[in-house]
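Keep the picture open while you read.

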Amino acid sequence: MSTAATARRIRCERCAGPLPLTARADARWCSSACRQAAYRERCRAERKRVAEEQAARIPVELTKRPRWVRYSSRKVPLRVDGRFAAVDNPSTWSDFPTAARATAGEGVGFVLTAGDGIVVVDLDHAVEDDRVLPWAQRIVDALPATYMERGRSGSGLHLWFRGAVPAGRRIRRGEVAVEVYSDRRYMIVGDRVPGTPLELAELRDAAGVIASLV
């Protein structure tokens, strides 16, 4: 066994002090205090990692709000512990770091509530072979540049704005499939479309604007 390997075994990984003579061969810390301190350090590092990740792909306007849930393979909202969540029950939601670290379900989703003033325009089946279809591109081009992401299926687009609609709306006209929501709905958060802003644009009269475009 090398000198380095021996040193790792007999020294505490955190304070470098000697391990007790009675310590197990796989012991890493000299005391419970060092073990707990190492745990806190790992938690801080994980929080930093999550913060850096969210800064790179999700607007702060969303991550700062405790509106986060997990979701199942059937797109059912879940609490971070795997129990069912509800879009009208804030006690079943979490802050972003907690939801991002959780392992229940398939990923994270954001709950839309009327008081937040956030509206999502969902373009369904808008992407084919990694190309935005003409009807969807026309809508995207007509709206203010804003945070946009690919849906979980990879074929949809979610455009996030500051705004509201009096009630959710679904529009189906030929190949056009558009949904607009701002309350009592959760949106699965996918991958940010490269080059789109990391902030939400203002979209006044969202329902009227979308109706005029389709």
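Q: What makes E179 count as buried or exposed in this predicted model?
A: E179 has a relative accessible area of 5%. Buried means under 20%, so E179 is buried.

Q: And what makes R170 count as buried or exposed?
A: Its relative accessible area is 58%. The label exposed is given over 50%, so R170 is exposed.

Q: How do you know that R170 forms a salt bridge with E179?
A: Look at the closest N and O atoms of R170 and E179, which are 3.4 Å apart. A salt bridge needs a side-chain nitrogen of Lys or Arg within 4 Å of a carboxyl oxygen of Asp or Glu, so this pair qualifies.

Q: Why is the contact between E179 and R172 called a salt bridge?
A: The N to O distance between the side chains of E179 and R172 is 3.0 Å. The cut-off is 4 Å, so this contact is a salt bridge. R172 itself is partly exposed, because its relative accessible area of 43% falls between the limits of 20% and 50%.

Q: Which residues are linked with E179 in a network of salt bridges?
A: The network links R170, R172 and R185 with E179. In the structure as a whole there are 13 salt bridges.

Q: What makes R150 and D130 a salt bridge that links distant parts of the chain?
A: Their side chains meet at 3.5 Å, N to O, and the limit is 4 Å, so the pair is a salt bridge. R150 is in strand 7 (residues 148–150), while D130 is in the loop between strand 5 (127–128) and strand 6 (131–132), and the two are 20 residues apart.

Q: Are R150 and D130 buried, partly exposed or exposed?
A: D130 reaches 67% relative accessibility, and over 50% is exposed, so D130 is exposed. R150, at 26%, lies between 20% and 50%, so R150 is partly exposed.

Q: What is noted about phi in D129, and where is D129?
A: D129 has a positive phi of about 55 degrees although it is not a glycine. D129 sits in the loop between strand 5 and strand 6. With a relative accessible area of 74%, against a cut-off of 50%, D129 is exposed.

Q: How do you know that the buried residues of helix 5 are on the same side?
A: In helix 5 (residues 134–142), the buried residues are W135, A136, I139 and V140. They cover an arc of only 135 degrees around the axis, so they lie on the same side of helix 5. P134 and D141, on the other side of helix 5, are exposed.

Q: Why is L78 called buried?
A: L78, in strand 2 (residues 77–78), has a relative accessible area of 7%. The label applies under 20%, so L78 is buried.

Q: Which residues form the positive surface patch, and which helix gives the most to it?
A: The patch is formed by R40, R44, R47 and R101. Helix 2 (residues 32–57) gives the most, with three residues. R44, which is in helix 2, has a relative accessible area of 46%; patch residues need over 30%, so R44 passes that test.

Definitions and conventions:
Residues are numbered from 1 along each chain as its sequence is written. This is a predicted model: local features need pLDDT of at least 70, side-chain atom pairs count only at pLDDT 80 or more; totals for chains, interfaces and linings use all residues. Side-chain values use heavy atoms; hydrogens and water are left out. Patches are made of residues with over 30% relative accessible area and no salt bridge: like charges are joined within 9 Å, nonpolar side chains (Val, Leu, Ile, Met, Phe, Trp, Tyr) within 5 Å. Accessible areas come from the Shrake-Rupley method with a 1.4 Å probe; for residues, only the protein chains shown count as cover. Lys and Arg count as positive and Asp and Glu as negative; His and the chain ends are not counted. The place of a charge is taken as NZ of Lys, CZ of Arg, CG of Asp or CD of Glu. Helices (H or I, at least four residues) and strands (E, at least two) are DSSP runs, numbered from the N terminus. Buried means under 20% relative accessible area, exposed over 50%, partly exposed in between (1.4 Å probe, protein chains only). The arc is that of the directions from the helix axis to the C-beta atoms.
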